[in-house]
Amino acid sequence: ATGTKRKRGAETCTMPEDTSSSSTANDAHSSIPSTSTRSTLPSKATATPKTTLTPPTTQPETSTPVKPARKKRASKMSGLLVSAIDTSHDSEMDPELLKLSRAMRDRKPLGEKPLPAGKPEVWAGGRTELCESLMYYKAHKGGCYMNGGTVYCMMFDGCKSAREYMDENVIIARSGGKMGDDDDTGAYTQTHNHTYKHAQPQAVLNNMIHQNPVVIICGNKNTSSVTEMPHKYNVLGYFKITHTWMEKNAGNRGQVMPTIKYRFEKLDRSIPAWNAPIEPILTLPSSAECPMVSKKCASCHKVWPQVYLLDWACLTEGCSEHWERLNGKGQMPLGDLDQHPGFLLHETRWPNETPPHELTSPVPETGNVHGDHLTYLNTRGVTCPKCGRCCNRYLYDEWKCDTPKCGWRHEPKRSLIDPGVNFGGNLWNLVGEFGGIPSNTAASCVGVKVSYWCGFKVVCYTLDTGMRITTLRSNKEINALPGGADDMFRTFQQIKMGLERRKSRGGVAIEGSDVIAGTTPEDDGEESDSDDEEGDGLAGGDRMQAHTKNFGMEYEFAGVGSSTPFEEAPDLVNEARAFMNYIAKAVVSDTPEELVSDDGEEPEYRTIDGQKFKVLDGAKSRQKLKDLNEILVVAYMIKTGMSWHDDGEDGLGDVVVTLSLGGPSSFKVRIKASMLAQCSKAGIFLDALPPPLEVLRASGYGNMKKGQNGPVKEDEEHYAARWAAYYELQEYKTQSHTAAELKEFQRGLAEKLGLQWRKSPTPILDLTNLHGDLVIMQGAGVQKFYDHQVSAGANLRVSMTARTILAGHLKHGRKQKIDVQPAEKLYDPTALRALRGDGDHVVWRD
């Protein structure tokens, strides 16, 4: 409590009276602006998008201006981001205050810190658990979550910079971002200047103006913490942002760089902090006994507290006296400094210090409204009511806490969803007698053919020669057949198949965010959540958004998991396999020509771009089609999906068939970024035939683009140069060169053409799949040169994707444990063919 000594250990530090002529103010530079300054700080409600907030100055002009003498500034300073405290100025500081400051900052190393007195109310084993379980933290990368110009949560973990501080009540930390490896030493350091024009400082200022608290999360790699953190990520509670200021630091190559700092203070100090040590370490004076000292800059007329014990300095961005010491002593040092104890002990009061929300995320109530178990809220994680762990919904059938010996799990009450009411709110997605009329668009470079077969509307989209995507649009009559889509969807909801969101091997993005599974967060020194920490039971690594399960041959794709033999699979899976085998052979049997490699037959030859390819007719393609021996079942809840990826893993057949059940879904196709750019991210020329010019133009090729050496005009002449470079590469490969020489040659080709990798090619195919529809991707080039994306548009969408797994698919010499034989159960097409009396395969007519 204010006015009393606070004990943090056996040692008691008493402070002498402040006899300096400097003014003191307990509320100097707090987050509560005075009336005279509020007008210069527009609120969130009145600010325009162009408004830039300025750091608040809240102390009225009651002190005598101090005019520091100027001194030439040093331009560079060698040293790392975190350095030892500079003791060369110890004689200039009050010895008792110095002793107290260093005692307050003294920390044991990780693994030797004292245990906390309590346990966190909320904690997590990884970022994915945090982001999916807590409404106030959704930052898959970085240490700050903000939205709409407001900061909701800050995380402090392994990246420590100079002059940071943390105890159970006060935290001092730098603004996030602008970090990287030092060009000279390779050490992790600041690489760019901070400015209050950046989004994060602006949001912090907005929080201060509106007195909005933030939640603080502490990681177990944080060396500033007084106590040992019990879990990977631990929620400390709500904190006020009381101060923000600009100081200077030594950054990349020792350059002097402006750095923004924040001071946080526990929102309600009457509630004991769980992260305080069991046994107190120090006995501290009260903030009244050791007050915060504040002074006003004679140049910018703003009042600032004395943050560091060595001296007071102006902390205003852009002020001519910024970071200057008093009395002409030059600038403050750039290394680590001792904080003034009065600044650390200061208590800022808000009129309302009640937490705005609970820190926990409760389990949603279900069973009150039909289908409420499939709403977006049910896709989110919850906090375990027994141990406080963040538990993401990685199991389709239930929430489950993986903390050893906890055992909590919760299965929501369910109700059957009829596909007739699961159309995502768009009436055109209703499946009627004719079928739905969903939005389907194709770029002009895509060939489109339409046919009808057994009641299906069959549309074939030709991306390039031998690369096709065929859709079969179902209708109400087909779906209602015995064992049809209606029965399958109903059965799926009634059984438990053991679907789960698998951990990612890397390469598939998490839908609804920018994070790529398996990558490391940037700018804050965090490491990827790939390991199980502290025996929590389940590593908090990235997981795919959709719930999946494999049947049949083992399939190594982005998700990590095993496969279940067809003999142990539910009847639903084997029935779907038989149906898709029949459909694939019906469609592949007479589609447009397919380019294949030489296999000893007597084919027709076609020349494309100077190269000869074989052409087999549809009947021979049908004979070559192998049995579909693997099925991946995927359940998409609302607002989930799979971002851009391909199904082109080694050792797969050229045909992939997908059956859609339940709600509608978006299916988009685009050329791969490397194909659009003809180079890799690393700037290496791609050893592949350039795609057709029409495809490139539809994907974003054309006009002036930024290249490696300036603007590049992507026209027909530039396209011809791509072809010339490709043939130049083929000629170079016929000669004797090392791999390194070949790589450098390819890099030179890319630089000569000004090629640069691009992130987001324009999709050339945008389809909507409805209940009962099928999609067939045919041709290895579809997976090699194109990506596709899937996103659900209603409460529940189920896909069953069948493919052929060939010998040698598994990597690292692994052998298939499951011997899949041709399907014993064959689909009976009698009822289907009776709808129109068509034959056993699709016929295409011009």
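The following dialogue explains how several features of this predicted model may be read.

Q: What kind of model is this, and how are residues numbered?
A: This is a predicted model, in which local features need pLDDT of at least 70 and side-chain atom pairs count only at pLDDT 80 or more, while totals for chains, interfaces and linings use all residues. Residues are numbered from 1 along each chain as its sequence is written, and side-chain values use heavy atoms, with hydrogens and water left out.

Q: How are two packed helices described?
A: Two packed helices are described by the angle between their axes and the distance between the axes. Axes are lines fitted to C-alpha atoms, for helices over the stretch in contact, and angles run from 0 to 180 degrees between N-to-C directions. Helices (H or I, at least four residues) and strands (E, at least two) are DSSP runs, numbered from the N terminus. Here, helix α12 (residues 716-733) packs with helix α13 (residues 739-753) at an angle of about 165°, and their axes are 11 Å apart. That makes α12 roughly antiparallel to α13 (angles under 35 degrees count as roughly parallel, over 145 as roughly antiparallel, 65 to 115 as roughly perpendicular and the rest as oblique).

Q: Which residues of α12 and α13 meet?
A: Contact means heavy atoms within 4.5 Å. On the α12 side, the residues are His-718, Ala-721, Arg-722, Ala-725, Glu-728, Leu-729, Tyr-732 and Lys-733; they meet Glu-741, Leu-742, Phe-745, Gln-746, Leu-749, Lys-752 and Leu-753 of α13.

Q: How many aromatic pairs does the structure hold?
A: Rings of Phe, Tyr and Trp (its six-membered ring) pair if their centres lie within 6.5 Å; planes under 30 degrees apart count as stacked, over 60 as edge-to-face and the rest as tilted. The structure holds 14 aromatic pairs. In one of them, the ring centres of Trp-453 and Phe-456 are 6.2 Å apart and the planes are at 15°, so the pair is stacked. Tyr-726 and Tyr-727 have ring centres 5.5 Å apart and planes at 70°, so this pair is edge-to-face. Trp-453 and Phe-456 also belong to one aromatic cluster with Phe-579, Tyr-582 and Tyr-827.

Q: Are Trp-453 and Phe-456 buried or exposed?
A: Buried means under 20% relative accessible area, exposed over 50%, and partly exposed in between (1.4 Å probe, protein chains only). Both Trp-453 and Phe-456 are buried. Tyr-726 counts as buried at 8% relative accessibility, whereas Tyr-727 is partly exposed, with a relative accessible area of 37%.

Q: Where does Ile-776 lie, and which residues are in contact with Ile-776?
A: Ile-776 lies in strand β36 (residues 774-778) and, at 1% relative accessibility, counts as buried. Leaving aside neighbours within four places in sequence, its contacts include Arg-468, Ile-469, Ile-583 and Val-656. Ile-776 and Met-580 are 196 residues apart in sequence, and their C-alpha atoms are 9.6 Å apart in space.
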